[in-house]
Amino acid sequence: MAKKEPSQNEPVQQLGITDESSLKNILSEAFSGADSTGGKDDSYKELETAKLIIATFLNPAYINSTSNLSAEEIDDISDAYYMNLIFDDELIDKKITSFIELKRSETKEPKNLLSFLSEIAGKGIDANRMNQNNGLISRFIGNRTR
Amino acid sequence: MDELQKLNTVFSRFIVIFGGEYGRCKSLSETALVFLELLHTQKTKVITNMPIKYPVFSNLEITPLVETKQFDLNELSKMKNSIMVWDEMHNDLFSRNFNTEKNKFIPNISVGFRKDNIKLRGSLQFFDTLEKMMGLMMEMVIIPSFVTKYSSDSEEDRKIRISNKDFTVSWECTDKKNNNERFYIKINLYPFLKMYNTNFKPYTLAVNHSEYMERLYKNKKTYSEEYVNICSEKINENETNWRGGLEEIP
């Protein structure tokens, strides 16, 4: 019977660890703050925005109200909310809230809550937006890799 | 995706490039990535043009990358199941050399690396300076950015960073293989600082891959014999530089 050839993925010799406690220290130090702050990916942002808007609309005070927010306005509110996480200005939060409330008072083509939520749920992650290389990425990637 | 899933995605890509200008911790990020990858994949071979020291690992074979002959397909077979670290790779893969014999070893990367299961982890500053074919082959781009800024003065910032043991960066990963999906990995690079030499200058590789040498022999037979000597001097110089850099790592 022919001898079995070692698979490409099987290392010939095993990697050894000389000092396990040092290794543990390195790893715990490297990932000590991994879950607290730092970058959030786009899908996470979208989800958080959706949760925020849903939470606002599910407030009993507004449950029977209507919304006239257009898709662009929802995007703007979402952007403003995330920018304000950095700038932390109360006035912007108030402006967002009052803008949403003002919009509710409009009666032209009113949307009910259900259609609004289904719009958010159906929106998902905008693939085109994610594919746009903007800012840092486009500066470094340039045209080479497209 | 949790951090491990994200890292697994990075490990699974054959060509991963760190990008960005000076002081973004590209080389340090490479050092950390290879460390984690070795640990995860249990690979035991690293070939690198910058000296790296991993005292935590034993049975690890680290070979200097000094000449383009190392990219010949028969040479790559000797490096099966390894990780290649190629710092400042635009020095050797400059975009303006794209049509010359000097860059003719690049197609070997697309063939040999996958067949021999060699993973390439490189770094460069601007992607437009990179050879076009290499740019098209890269599967993932990672741009590291510091999470906290301590000072606008780079020197001052570095001093505070070291005293605070905070080299926390966010790796902005663009997965070109998966429709440019983007995700972030947050990692403190401080524990990896002593594993590489920040002042090391990688010299350009000696150009002696088989296609280049054959062409040279056909066109300039007398010079090609002289070139062999020039090349071996260059290889010695590169190796001395590499070993000198390794000795400087504490």
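Predicted model: local features only at pLDDT ≥ 70, side-chain atom pairs only at ≥ 80, totals over all residues.

**Stop 1: two helices in chain B.** Select residues 3-12 of chain B, which form helix α1, and residues 26-41 of chain B, which form helix α2. Two packed helices are described by the angle between their axes and the distance between the axes. Here the angle is about 95° and the axes are 11 Å apart. Angles of 65 to 115 degrees count as roughly perpendicular, so that is the word for how α1(B) sits against α2(B). Now show side chains. From α1(B), the contact uses B:L7, B:N8, B:V10 and B:F11; from α2(B), look for B:L33, B:L36, B:E37 and B:H40. What kinds of residues make up this contact of α1(B) with α2(B)? Five are nonpolar, two are polar and one is charged.

**Stop 2: what covers α1(B).** Stay on α1(B) and colour B:E3, B:K6, B:L7, B:T9, B:V10 and B:F11, which are buried. Notice that B:L7, B:V10 and B:F11 are also among the residues touching α2(B).

**Stop 3: across to chain A.** Keep α2(B) on screen and select residues 20-30 of chain A, which are helix α1 of that chain. The axes of α1(A) and α2(B) come within 12 Å and cross at roughly 125°. The two helices are therefore oblique to each other, and their crossing is left-handed. Which residues make the contact between α1(A) and α2(B)? On the α1(A) side they are A:L23, A:I26 and A:L27, and on the α2(B) side B:F35, B:L36 and B:L39. This contact has six nonpolar residues, no polar and no charged.

**Stop 4: two loop residues.** Jump to B:N117, in the loop between α4 (106-115) and β6 (119-124) of chain B. Its phi is near 55°, a positive value in a residue other than glycine. Then find B:K165, in the loop between α6 (154-164) and β8 (168-175) of chain B. B:K165 has a positive phi too, near 50°. Is B:N117 buried or exposed? B:N117 is buried, with a relative accessible area of 9%, whereas B:K165 is partly exposed at 45%.

Terms used:
Residues numbered from 1 in each chain as written. Chains lettered and ligands numbered in written order. Heavy atoms only, no water. Axes fitted to C-alpha atoms, helices over the stretch in contact; angles between N-to-C directions. Helix = DSSP H or I, 4+ residues; strand = E, 2+ residues; numbered from the N terminus. Parallel < 35°, antiparallel > 145°, perpendicular 65-115°, else oblique. Contact = heavy atoms within 4.5 Å. Nonpolar A, V, L, I, M, F, W, Y, C, P; charged D, E, K, R; others polar. Buried < 20%, exposed > 50% of the residue type's maximum accessible area, 1.4 Å probe, protein only. Left-handed = near helix turned anticlockwise from the far one by under 90°.
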